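Ready for some practice with helices and strands? Keep the sequence and the 3D view open, and work through each exercise before you read its solution.

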Amino acid sequence: ALRCQSILQKMEEESNNRTITSSDVIDVLADSLLVRFLSKDVAAKFYEAVESFNITFNDINKKMEEEDDPTSVNVTIDGINQDQTLSIGKVTVARRAPTLPELVPDPVFFENDSQLKVLESMLRSYSAEGEKGVLLIGNQGVGKNKLIDRLLHLLNAEREYVQVHRDTTIQSLTLLPLLEGGEIKYEDSPLVRAVQTGRILVLDEVDKAPLEVVCVLKGLVGDGELVLYDGRRVLNLEKALDEYQNSFVVSDNDDDTLVQQYYDIKNNNTDKASLVKLFKSENFQKYCTEAKIIPMHPEFKLFCLANRPGHPFLGNHFFKECGDLFVVHVVENLDRESEISLLQSFAPEMDVDILTRLSQVFADLRKLNEHGILAYPFSAREAVALARHLATYPQDKIEGAAENVLGFDGMNVSV
C-alpha cells in the first residue's frame with residue numbers, strides 16, 4: 001500500500017498536482033498485485049471489489065483527461081554535458097555521467113507506443129524516492145531485456161549484468177573466479193561492483209534462482225544488508241553511517257555530523273549529488289575499509305527480470321517470497337498497432353498487408369494459449385523472427401517459415 005501511494009504521489013507531482021484518477025489507482029494496484037496473471041475468476045473478483053471505488057471516485061479532471069492524448073509519449077534529452085535530463089512522457093530525471101561508457105548498453109530498439117508507455121512507467125519507478133528494486137515480469141519474448149537496456153541507454157547509466165539459473169549459488173552471485181597466470185583468483189562479482197559504484201544491476205531470469213539466492217536478494221533490498229564470503233558486509237548508507245558515528249574513530253571534525261547531514265538530505269528531498277558527496281567522505285570511506293564494510297552507493301538500483309509464474313515457465317515463487325520489496329511492472333505483449341510498427345521496422349521491404357496478417361495470426365495464437373489449447377505463449381520475438389526470415393528469403397512461403405517457430409507444438413497430437 002505504501003509503495004502504491006509513493007508511485008501515485010510521483011504521478012501527481014509529474015502532472016502539476018493534477019488529481020489522480022480512479023483508473024490510475026486501479027492500474028497501479030493491478031500491477032502491484034499481478035492481477036494479469038491471476039485466474040479469470042480471481043481477477044474478476046478484484047475488479048468487482050474496485051468497481052464501487054471506481055464509480056464513487058471524485059475525478060474532478062475528467063474533462064481535461066479526455067482532451068489529452070493518452071497515447072502520445074515522447075522521449076527527449078535536454079541540456080549539455082553533466083546537466084542533461086531525460087524526459088519520457090511526463091517523467092523527467094537527470095541523466096548519469098558514466099565512468100566507463102563501455103558499460104552503457106546500446107541495444108537495437110525501435111520505438112512504439114506500447115513500449116514507450118512501459119518505459120515511462122519504469123522511469124517513474126527508477127526515480128521514486130526510497131525504491132531500490134524494480135521487477136519486470138512477463139512472458140518470454142515480450143521485450144523485458146530490450147526495455148531495460150533501452151532505459152539504461154537513455155539514462156546513460158552503466159550496467160552490471162548477471163544471468164541467473166537453477167545452479168546459481170550464493171557464492172557465484174557474490175564471488176567471481178578468474179584464471180590468471182595459471183592460478184585461480186577471486187574478485188568481486190557484478191553484484192558487489194554495482195553496490196560499490198552505484199551502477200545498475202540487472203538480474204535476468206531471477207525466477208530460476210534457488211530459494212537461498214532469493215533470500216540473499218531479500219536481505220539486500222529489504223534489510224539493506226548482505227554478508228560476503230570474506231567477512232565483509234554490504235550495508236545501506238544509513239546503517240553504515242550509524243556504525244561510523246558509533247565507532248571509536250569519530251573525532252571532533254566535520255564528519256561527526258555525517259549522520260545528521262544524511263537525514264537532513266533525506267527529509268528535504270535533496271538531489272542524489274548531495275548523498276553521493278556524503279558517501280565519498282574521506283574519513284567515512286576509510287572507516288568502512290577498516291571495518292570491512294561496503295556502503296551501498298546512493299545511486300545503486302536493482303532491476304530483476306522474471307517470467308510469469310506458473311506453466312510453462314515453472315520458475316520459483318520469487319514474487320511470493322520478496323515481490324513486496326520491488327516496484328512491479330507487468331510487461332504485456334504489444335498491441336496490434338505497435339506490433340505492426342515493430343515488424344515494419346525489422347522488415348521494411350515487406351508488404352504492410354502481410355505484416356498485418358502476420359500480427360493477427362500471432363494474436364490468435366496467444367488467444368489459444370490463454371484458453372489452454374497451446375502450451376507456449378507466442379510473443380513478438382517469434383513474430384519478428386518470422387518477419388525477418390520472410391524478408392531475407394522471400395521465395396519461402398509463410399507455412400515453411402512458420403514451421404521453424406511452431407514446429408514443437410506441431411508434435412502435439414491434440415493440436
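**Exercise 1.** Find which residue in β10 is the bridge partner of glutamate 225.

*Solution.* The partner of glutamate 225 is leucine 235. This is a predicted model, where local features need pLDDT of at least 70, side-chain atom pairs count only at pLDDT 80 or more, and totals for chains, interfaces and linings use all residues. Residues are numbered from 1 along each chain as its sequence is written, and side-chain values use heavy atoms, leaving out hydrogens and water.

Next, look at the strands, which are DSSP runs of E with at least two residues, while helices are runs of H or I with at least four, both numbered from the N terminus. β9 and β10 (residues 233–235) are antiparallel, with three bridges; strands pair if DSSP finds at least two bridges between them.

**Exercise 2.** Work out how α15 and α17 are oriented to each other.

*Solution.* Start with the geometry: the axes of α15 (residues 336–346) and α17 (residues 380–392) come within 9 Å and cross at roughly 40°. Axes are lines fitted to C-alpha atoms, for helices over the stretch in contact, and angles run from 0 to 180 degrees between N-to-C directions.

Now classify: under 35 degrees is roughly parallel, over 145 roughly antiparallel, 65 to 115 roughly perpendicular, and the rest oblique. The two helices, α15 and α17, are therefore oblique. Well done!
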